[in-house]
Amino acid sequence: MYIIIPDLYLDFACVADKCPYSCCKHWNIHMDQATYQLMEKHEKELGIKASDWLVKCDDQYLFKMKQGFCPLLDEQGLCNVVKKLGPEYLCPTCNDFPRAKKSYGGIVEPFLSVACPEVVRMIMDAERINFSFSEETTEIEMDGKESVYFFESSIRSAVDDILQNVPEIDLSARLFASYKLIEKSVALYELGNTAYEQIADEVSDYAIQYLNIYYDYDLQGNVSTVSKLEMMRRTVRNFSRDADNRLFDERLTNVLNYINGVTQEQYENDLSNLNKELDHFSAFFSRYWTYLLFSKLLNTSDVSKMKDNFIYIAMELFAVKTFLLAQYVQSGKLERDDIILIISETARRLEHSKALEKQWYSLFEKNDMVSSASLLLVL
C-alpha cells in the first residue's frame, strides 16, 4: 500500500477549548454501536444516561445536540468523555475529525478537513503545501484503477507546479491555465492517451498558450460584473438557514441582505476594494487551492469529472468570497481571522449538506457550467 500525505496532516493537533469554531457543535454527529455500549457502561462517571444524549438512527446513534452543542461539553468547552474517561473512549467520528482519507485501490491519501479552522490556520501559516510519500507492508485489495489514478495524480502535480511555483503570475491566471491543462489532458485521455508522461509537454504548452491568451485579451477584466453579481446571488441562495448555528445564520442573513439590496455600481466598487484586500492573501489562496485540489480533484471512476470537481472547488471559494465581501462591507476591513472562520464555516455547511452539493452539480449540468468561461465568472 502506498500513502501520499500532506505534511500538515502529520503536524495537526486539536486546540480544544481555544478553537474559535468547535467541531463539537453545529453537526449531526454519529456514534457507532460499540461506543454507545461503552457510554452505557460508564453512565455513572459521565453523570448522564446514554439514552438521554444519544438517539438510535438506523445502525448508529445520533447526538441530541443542546442548542447546537454536544451535551457532553463542559462550561469551558471541553469534552467530558475525554476528561472523565480518556480520549480512547471517543467514538470514531470525534476521534478522527478533521482527519479523513480517500483510497484508490492500493493508494491511500489522508488529508485534513478545512471545516476545522485550525487546519485553515495551518495552511495560512505554511510556506507551501508539501507532500510525503511512503510505502507500507499492509496489503490492500487493488481495484484496477491504479493506472487511472497515476494519470490523474500526474495532472494534479502539474497543476500544483503552476499554483505554487510561479507566484509572480496572478492567481486567477494560474487557475485559468490550470483548468485548461486539465481540460486538454482529459481530451487526450479520451482519445486513448492514457500515459501522462507521453502528453506532458503537449498539455504544458497548451496551458502556457492559454496563459498568454488570458493576459493578451484581458479575459478576467472582460467578465461581466452584472453576471458575476447574479452568480453570487444564485450561489448563496442555495445555502439553507440553520437555527442552531447562530454565527453562520447571522453571516447568511448579512450576505443575503447585501446581495439583494446592493446596486450594480456599489457592488463593483465594493468588489474592487475587496480584491485589493485579498491581494495581501494571494499566497495563502494559492496554497489553499493546492490543498483542496489534493483532496477533491481526482475521480478515478470518470476522468472527465476532474473538470467538474475543479469548477466545484471554484464555486466553493466563490461562496467564500461572497461571504467575505459582505463581511468587508459591514466592518470596513478584512482580518486574517475573518478569512479563517468564513472558510471553515462554509466548508462545514458544504460537508454537512449533501443536498447543497447536489444542487451545485445540478446547476453545472443545467447551465453547461463546466467550462473555462464559467470558471472566469467565479474567480
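Guide: In this predicted model, Lys and Arg count as positive and Asp and Glu as negative.

Visitor: On that basis, how far apart are the mean positions of the positive and negative charges of the protein chain?

Guide: There are 40 positive and 58 negative charges, and their mean positions are 7 Å apart.

Visitor: Why is Phe323 called buried?

Guide: Buried means under 20% relative accessible area. Phe323 has 4%, and is therefore buried. This residue lies in helix H15 (residues 305–331). Leaving aside residues up to four places away in sequence, Phe323 touches Phe239, Phe248, Arg251, Leu252, Val255, Ile342 and Thr346. Across the protein chain, buried residues make up 51% of the 379 residues.

Visitor: Which residues of helix H2 are buried, and how do you know that they line one face of the helix?

Guide: In H2 (residues 33–41), the buried residues are Thr35, Tyr36 and Met39. Viewed down the axis of H2, they fall within an arc of 105°, so they line one face. In general, an α-helix has 3.6 residues a turn, so residues three or four places apart point the same way.

Key
Residues numbered from 1 in each chain as written. Predicted model: local features only at pLDDT ≥ 70, side-chain atom pairs only at ≥ 80, totals over all residues. Heavy atoms only, no water. Buried < 20%, exposed > 50% of the residue type's maximum accessible area, 1.4 Å probe, protein only. Charge placed at Lys NZ, Arg CZ, Asp CG, Glu CD. Helix = DSSP H or I, 4+ residues; strand = E, 2+ residues; numbered from the N terminus. Arc of directions from axis to C-beta. Contact = heavy atoms within 4.5 Å.
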